[in-house]
Amino acid sequence: MSQHTPGPWIVGTSPEILAPYQIKRNGCSLVIARCWEDDELDSDTAQANARLIAKAPEMREFMELLIGNLEDAQCDRNLTPVEGIALEAARALLAELEKGD
């Protein structure tokens, strides 16, 4: 599995007219992603997309923590149906991220 650029990531702005929102590693000039606006995607939506992408490292950490906590709970007791569904969904999503597809 290849590693992603470590977080935290932030949303910055760019003078480029078509890609005004850039996702960067905090304190670094490296651009991880750009979010464009166009005729079908307004500025508010492009900015919302950039904010969502910028939170990806934190969301991944949260999923790893969730999986760990639910696996620990599973050792002590039977998980509730909702906990079981959450555990399997989090494992599946993390597996997709690690696979890179």
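How many residues lie between β2 and β3 in their hairpin, and which residue in the turn has a positive phi? I began my notebook with that. The model I am reading is predicted.

**Entry 1: the hairpin turn**

I looked up the hairpin of β2 and β3 and found five residues between the two strands. Gly27 sits in the turn and has a positive phi of about 80 degrees. I noted the background too: most residues other than glycine have a negative phi, and most peptide bonds are trans. I placed Gly27 in the loop between β2 and β3. Is Gly27 buried or exposed? Gly27 has a relative accessible area of 82%. Exposed means over 50%, so I wrote Gly27 down as exposed.

**Entry 2: Pro8**

Next I checked Pro8 against Gly27. The two are 19 residues apart along the chain, and their C-alpha atoms are separated by 9.2 Å. Pro8 belongs to the segment before β1. I then looked at the peptide bond from Gly7 to Pro8. That bond is cis, with omega near 0 degrees.

**Entry 3: the sheet**

I turned to the strands. Three of them form an open sheet, in the order β1-β2-β3, with antiparallel pairing. Which strands are at the edges? I found β1 and β3 there, each pairing on one side only. On average, neighbouring strands of the sheet are turned by 30 degrees against each other, direction ignored.

I went through the pairs in turn. β1 covers residues 9–13 and β2 covers residues 21–25. Five bridges join these two, and they run antiparallel. β3 covers residues 31–35 and pairs with β2 over four bridges, also in the antiparallel sense. One bridge I noted there goes from Ile23 to Ala33 in β3.

Then I asked what packs on the sheet. The answer is α1, which touches β1, β2 and β3. The direction of α1 makes about 15 degrees with that of β2.

**Entry 4: Tyr21**

Tyr21 has bridge partners in two strands: Thr13 is bridged to Tyr21, and Cys35 in β3 is the partner of Tyr21. Tyr21 and Cys35 are 14 residues apart in sequence, yet 5.2 Å apart in space, C-alpha to C-alpha.

Is Tyr21 buried or exposed? Its relative accessible area is 10%. Buried means under 20%, so Tyr21 counts as buried. I also listed what Tyr21 touches, leaving out residues up to four places away in sequence. Among them are Val11, Gly12, Ala33, Arg34 and Cys35. Ser43, Ala46, Gln47 and Ala50 are included as well. α1 spans residues 43–54.

**Entry 5: α1 against α2**

Now the helices. Two packed helices are described by the angle between their axes and the distance between the axes. For α1 and α2 I read an angle of about 45 degrees, with the axes 5 Å apart. The pair is therefore oblique. Which residues meet here? Leu52, Ile53 and Ala54 in α1 meet Ala56, Pro57 and Met59 in α2. By class, I found six nonpolar residues in this contact, no polar ones and no charged ones.

**Entry 6: α2 against α3**

Last, I looked at α2 (residues 56–76) and α3 (residues 81–99). Their axes come within 9 Å and cross at roughly 135 degrees. That makes α2 oblique to α3. I recorded the crossing of α2 and α3 as left-handed.

From α2, the contact includes Arg60, Met63, Glu64, Leu66 and Ile67. From α3, residues including Glu83, Ala86, Leu87, Ala90 and Arg91 take part. How many of the residues in the contact of α2 with α3 are charged? I noted six charged residues, with ten nonpolar and one polar.

Note on methods. Residues are numbered from 1 along each chain as its sequence is written. This is a predicted model: local features need pLDDT of at least 70, side-chain atom pairs count only at pLDDT 80 or more; totals for chains, interfaces and linings use all residues. Side-chain values use heavy atoms; hydrogens and water are left out. Axes are lines fitted to C-alpha atoms, for helices over the stretch in contact, and angles run from 0 to 180 degrees between N-to-C directions. Angles under 35 degrees count as roughly parallel, over 145 as roughly antiparallel, 65 to 115 as roughly perpendicular and the rest as oblique. A crossing is left-handed if the near helix is turned anticlockwise from the far one by less than a right angle, and right-handed if clockwise. Contact means heavy atoms within 4.5 Å. Ala, Val, Leu, Ile, Met, Phe, Trp, Tyr, Cys and Pro count as nonpolar, Asp, Glu, Lys and Arg as charged, and the others, Gly among them, as polar. Two strands pair if DSSP finds at least two bridges between them. Buried means under 20% relative accessible area, exposed over 50%, partly exposed in between (1.4 Å probe, protein chains only).
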